[in-house]
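Student: I would like a close look at one part of this model. Please take me through it step by step.

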Amino acid sequence: MAQQQKTQYAIECRKITKMFGQVIANDEIDLNVKYGEILALLGENGSGKTTLMNMLSGIYHPDSGQIFIGGREVKINSPVDAMNLGIGMIHQHFKLVEAFRAMDNIVLGTKGKKEKSKTTSEKIKQISETYGLEIEPEKYVSDMSVSEKQTVEILKVLYKGAEILILDEPTAVLTPQETEKLFAILRKMREKGCAIIIITHKLQEVLAISDRVTILRKGKSIETVNTADCDARKLTELMVGRPVSLEIERPQMPETETILKIVDLSVNKPDGSKAIDDISFEIKRGEILGVAGVAGSGQKELCEAIAGLLPSQKGAILFQKENLLGKTPSEIIEKGVSMSFVPEDRLGMGLVASMGMTDNMLLKSYQKGKGPFVNRKPAKDLAEKLIGKLGIVTPGTETPVRLLSGGNVQKVLLGREIEASPTVLITAYPVRGLDINSSYTVYDLLNEQKKKNVAVMYIGEDLDVLLELSDRIMVLCHGRITGIVDARSTTKEEIGMMMTGENNMIDTGKEAL
Amino acid sequence: MDIIIKFLVAAVGAGTPLLFGTVGEILTEKTGHLNLGVEGMMSIGACIGFMVGYYTDNFFLALLFAAIAGACSALIYAVLTVTFMANQNVTGLTLTIFGIGFANFIGIFVLNKSPEGTLKLPERITAAMRGIHIPGLSDIPVIGELLFSYSPFVYIGIIIAVICAYYLNRTKEGLNLKAIGENPGAADAAGIKITKVKYINIILGGAICGIGGVYCSMIINGGVWISDNVGGLGWIAVALVIFANWQPSYAILGSFVFGALRVLKYYIPQSVFPFPIAFYDMLPFLMTALVLVISSMRKSGRINLPAALGLNYFREER
């Protein structure tokens with residue numbers, strides 16, 4: 001019986017164990033995927049998903065355990081080995097050379113003589129047709145949209161003959177429509193007999209695409225279940241280890257005054273191209289305004305303009321009837337406008353990675369101190385308070401924040417902004433890369449602010465969350481507002497249409513509440 | 001007419017050491033490593049090549065050892081920046097300072113031992129470096145002088161530049177190299193052996209710079225050793241890389257233009273432009289500064305600047 005089963009599996013991992021020093025990242029993990037099957041790998045941050053996948057793609061080596069590919073035991077010592085075994089990894093952050101054409105990226109690292117462009121181009125087109133991919137091999141990657149880049153990534157591994165695909169959070173940067181398209185491609189690959197492992201945090205997607213789900217928790221494989229027998233609630237329970245409420249609270253606040261009003265604002269990127277194009281909207285006290293949009297639609301520039309980091313070409317930002325344009329960032333902070341932007345690399349903006357928590361707290365408050373010397377005591381107290389309040393896991397207040405895990409870094413950043421008791425809180429991607437538990441902590445924090453009558457602007461990626469958390473949702477597309485809608489009555493599809501600018505109701509002044 | 005041809009011929013000669021330096025640095029920079037040690041690598045090549053030529057009286061041995069010396073000095077840079085991930089700018093600057101000092105030290109050391117008090121290359125090797133003469137071809141008026149009258153260095157330089165252009169633009173190895181300079185993470189994921197490719201190209205680049213150096217010591221001063229014989233050409237080469245948009249084929253043109261600037265002072269009649277000689281000495285450097293300013297303002301078009309230039313790659317860094 002066991003013999004027969006073995007040959008069916010594309011990948012079979014048996015009792016894989018990996019230690020980093022004293023920390024067990026993977027503890028006797030079992031995992032298997034058949035050809036013609038999509039397996040979802042689910043788990044919180046730090047549950048060992050990435051470690052496991054890195055072992056399959058040859059970046060790490062397991063300390064013990066066996067890996068079978070197509071029934072044969074193998075040792076995967078490098079990315080090249082993995083490629084030769086037909087394993088292709090599609091990373092969350094694309095590994096593409098922007099200055100190259102799609103086809104150059106696709107043939108990169110292949111052995112043998114260089115072929116004529118035309119031959120390569122033909123081959124690529126043939127593969128694309130088989131799997132229903134759309135691509136222009138001659139196009140430069142720098143000119144491509146996110147979803148086109150992902151197509152190149154997929155083709156890269158298919159071109160090298162991969163039959164086992166591993167996708168690490170492939171939908172994080174896609175619109176709902178693009179996600180649908182990706183899923184259609186994945187289903188087609190499954191039909192053609194590929195084995196696919198997909199890592200994602202979004203339960204809805206797990207349920208939509210996968211055949212089976214393997215759940216990891218704290219480095220152990222907890223269970224493998226058939227997707228058909230599951231729902232979101234059960235998956236969460238397995239993942240977290242206890243029942244968790246999936247509802248996001250949305251307290252209803254009484255109608256209050258408008259605190260921040262943006263009028264006809266236009267902002268250019270530092271390179272001169274238009275980032276924000278003539279937009280107007282307002283935020284009230286005690287509401288959460290969700291901002292949806294494909295990455296790079298002007299969210300970052302909007303944040304920076306409000307925080308006074310980027311000069312604007314036209315328009316006004318009115319904070320209680322006072323124009324913030326032309327004010328310095330510190331004057332704007334003084335007024336109570338607070339921003340926490342979590343960039344793709346999670347650090348970079350707001351926190352200094354190599355400084356400890358105390359010093360990072362000081363960054364926003366040292367100017368208030370009297371005399372030439374810095375008083376570190378209040379900052380240290382604040383850091384300790386945050387550690388206790390938000391459950392930040394850190395060896396100490398002086399440990400450089402870059403050594404903390406992603407979730408904890410985000411808590412430090414958001415915690416500091418909230419502790420400044422702002423009247424307007426702008427937060428961008430605060431749950432980027434966080435697992436369910438940490439995400440809910442962040443949502444609770446935001447709701448707490450809302451109840452304190454703070455105006456919250458929440459720029460997010462996950463539409464399901466935006467729909468549940470926000471009062472109103474504003475959609476950005478290419479720097480323009482393509483709609484402001486009531487989050488209680490709109491649908492995901494409607495927002496998806498607006499994100500691509502396909503709706504015709506460009507109605508910036510529409511008041512939903 | 002005659003003076004124009006002489007000027008052009010002189011320009012090509014004066015541009016040749018720049019051509020070597022520029023092509024060598026292009027190879028290096030395509031790995032994503034900015035080696036500011038061109039001046040130093042050229043100086044070391046100049047010194048070792050000259051000394052080998054002086055003692056063996058063999059042109060090709062001199063060339064070979066200049067290239068090896070350049071390669072060895074680039075190896076120092078590669079070990080420090082690729083393996084130990086030292087800061088590239090500091091390492092390169094240090095290499096320049098070291099290279100010039102090393103060359104002058106050896107030069108003076110040998111000079112003090114020579115009975116004549118000067119170091120002059122023997123006759124046979126000087127003859128080998130002189131302008132070639134191909135019967136028939138070199139005798140064609142104008143064209144003969146413009147195309148077939150140069151020192152073998154000129155032809156070697158152009159051949160190297162053409163080979164490098166082919167290597168970068170037409171081969172898989174070149175594609176791999178460019179990928180590393182653009183996005184080492186992507187190259188790594190594609191299974192390219194980054195460290196190996198970096199070492200090979202940085203060392204090759206150093207070897208080419210070394211040959212450029214030996215031109216400075218053996219030709220420019222008529223076969224007599226003087227100190228500081230590279231005299232800043234390495235720095236111009238670093239700027240020429242930008243001028244050439246990281247293309248070896250443009251480097252040929254660029255280095256001859258700069259060569260022309262260097263010899264301009266001998267061909268401009270003083271009566272027409274009464275500038276002091278020092279002005280003409282300054283011209284190449286002034287142009288270098290201008291090139292840097294203009295190219296940093298250039299926004300449109302596909303600039304070939306390797307995106308990861310100056311950044312050391314560490315796989316596990318996030």
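Student: Which residues point one way from strand 7 of chain A and which the other way, and are they buried or exposed?

Tutor: This is a predicted model, so read what follows as computed from it. Start with the side chains. A:Ile164, A:Ile166 and A:Asp168 point one way from strand 7 of chain A. A:Leu165 and A:Leu167 point the other way. All of these residues are buried. In general, side chains in a regular strand alternate between the two faces of the sheet.

Now the strand as a whole. Strand 7 of chain A covers residues 164–168. Five of its five residues are buried, so the rest of the structure largely encloses the strand. The cut-off behind that word is 20 or more other C-beta atoms within 10 Å.

Next, the neighbours. Strand 6 of chain A, residues 87–90, runs parallel to strand 7 of chain A, and four bridges join the two. In that pairing, A:Gly88 has A:Leu165 as its bridge partner. Strand 8 of chain A, residues 195–199, also pairs with strand 7 of chain A. That pairing is parallel and has five bridges. Here A:Ile166 stands opposite A:Ile197. To get from strand 7 to strand 8 of chain A, the chain passes through helix 7, residues 176–191. This β-α-β crossover is right-handed.

Step back to the chain around the strand. Chain A holds 17 helices and 20 strands. Its radius of gyration is 24 Å, close to the 24 Å that the globule rule gives for 513 residues, so chain A is as compact as a globular protein of that length. Its C-alpha trace spans about 75 × 50 × 45 Å along the principal axes. Of the 513 residues, 46% count as buried. Take the contacts in chain A with a separation of 6 or more: residues 24 or more positions apart account for 68% of them.

For contrast, look at a residue in another strand. A:Asp264 is in strand 11 of chain A, residues 258–268. A:Asp264 counts as exposed, because it has 12 C-beta neighbours inside 10 Å. Its phi is near 45 degrees, a positive value in a residue other than glycine.

Last, the partner chain. In chain A, 13 residues are in contact with 15 residues of chain B. Helix 3 of chain A, residues 79–84, gives the largest share of the chain A side, three residues. By class, that side has seven nonpolar, two polar and four charged residues.

Key
Residues numbered from 1 in each chain as written. Chains lettered and ligands numbered in written order. Predicted model: local features only at pLDDT ≥ 70, side-chain atom pairs only at ≥ 80, totals over all residues. Rg over C-alpha atoms; globule rule 2.2 N^0.38 Å. Contact = placed C-beta atoms within 7 Å. Nonpolar A, V, L, I, M, F, W, Y, C, P; charged D, E, K, R; others polar. Pairing = 2+ DSSP bridges. Right-handed = clockwise from strand over helix to strand, strands pointing away.
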